[in-house]
Amino acid sequence: MTVVIGFEGSANKLGIGIVRDGVVLSNPRCTYITPPGQGFLPRDTAKHHQERVLEILQKALDEAGIAPHEIDCVAYTKGPGMGAPLVSVALVARTVAQLWSKPLVGVNHCIGHIEMGRLITGAHNPIVLYVSGGNTQVIAYSQRRYRIFGETIDIAVGNCLDRFARVLKISNDPSPGYNIEQMAKRGSFVELPYTVKGMDVSFSGILSYIEEAAQRMLASGECTAEDLCFSLQETVFAMLVEITERAMAHCGVREVLIVGGVGCNLRLQEMMEVMCKERGAKLFATDERFCIDNGAMIAQAGWEMFRSGLTTEIKDSWITQRFRTDDMEVTWRD
């Protein structure tokens, strides 16, 4: 049996999870939440992680019923993500590994999402739609790499939703995207720009358009905030479904796995499900326990890496803010 502890802190979620041979033993997490209309700054987010990390570490050990000597490997998020939070959590993981005399593994955050999704859903070899606050990619495994078939050319879909939530002063508790999803259930459609460029998507133009439209149309009574939330979701999710379907056709794959924080959105899952049924394909998705950034996903990817012989020397245990999904060789899959 192999037990791995994973440290995640690439954005405003701090999580520490423990996995033993594909079984999640514990996965506590806390979120840095800012007032409505505000985002989270790297320095303040790092301070939040620093203040809470030992508490979350103890909670992870207690919930798992695991003592430090029973852990075989310490995994941490190497990147991508926000620099200051990444460094804060990597420093703790590095320290713990040395105190406990355990090997260290630096994990690609995106691959952590993918491996967690594969573990929880049982998806075999899917096209992966990875959607979060910092990333938007359509991914498929080929020849020991997770290849990126399409991605955003500017901002991530989660960032687009978060920034629009700030315009409307929507609460960040539990997350701006979740609150947009709830408001959208009461809205009607207003046409917005639709920007798909081959296999890539662009969200910055849509965001600029709807930010201006929000001031004008809400003031004149042409539409409601709920209408704009609904329309933004429908438009950006339709773009994502389109490029995912194109990747499926190109690769001849009949499985789709949605991962990342935005993957919790039930409307996105519903739209993807319709497309999959039309193609005779199957959709795999998870709930907020495993979609949203968490420590168990880093532990699971670390478990795969460690068992395939990959470790990170202490002298090499830095962070990489721009660590692309396809930069890493996938040594644990055929």
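Which residues does the domain assignment of the protein chain give to domain 1 and to domain 2? Please go on from there to the contact between them.

Modeller: This is a predicted model, in which local features need pLDDT of at least 70 and side-chain atom pairs count only at pLDDT 80 or more, while totals for chains, interfaces and linings use all residues. Residues are numbered from 1 along each chain as its sequence is written, and side-chain values use heavy atoms, with hydrogens and water left out.

Domain 1 is made of residues 3-114 + 290-316, and domain 2 of residues 125-286; these bounds come from an automatic or database domain assignment. Taken over C-alpha atoms, the centres of domain 1 and domain 2 are 27 Å apart. To the contact, domain 1 brings 16 residues and domain 2 brings 20 residues, where contact means heavy atoms within 4.5 Å.

The size of an interface is often given as the accessible area lost when the parts come together. Between domain 1 and domain 2 about 1400 Å² is buried, and carbon and sulfur atoms give 69% of that area. Buried area here is the accessible area (1.4 Å probe) that two parts lose on being put together, summed over both. There are 4 residue pairs in polar contact between domain 1 and domain 2, both residues being at pLDDT 80 or more. A polar contact is a pair of N or O atoms within 3.5 Å; within protein, one must be able to donate a hydrogen and the other to accept it, and residues adjacent in sequence count only if both atoms are side-chain atoms.

On the side of domain 1 that touches domain 2, the elements giving two or more residues are α3 (109-121) and α9 (288-291). Helices (H or I, at least four residues) and strands (E, at least two) are DSSP runs, numbered from the N terminus. The most comes from α3, with 5 residues. By type, the residues on this side of domain 1 are 10 nonpolar, 6 polar and no charged. In that division Ala, Val, Leu, Ile, Met, Phe, Trp, Tyr, Cys and Pro count as nonpolar, Asp, Glu, Lys and Arg as charged, and the others, Gly among them, as polar.

Arg267 is in helix α8 (residues 266-278) and Glu234 in helix α7 (residues 225-251), 33 residues apart, so the pair links distant parts of the chain.

The UniProt record, an unreviewed entry, lists His109, His113, Tyr130 and Asp293 under "binding site". They span 185 residues in sequence, yet no two of their C-alpha atoms are more than 12.0 Å apart, so they gather at one spot. Tyr130 belongs to strand β7 (residues 127-131). UniProt positions are given in the numbering used here, feature names are shortened, and annotations may be inferred rather than shown by experiment.
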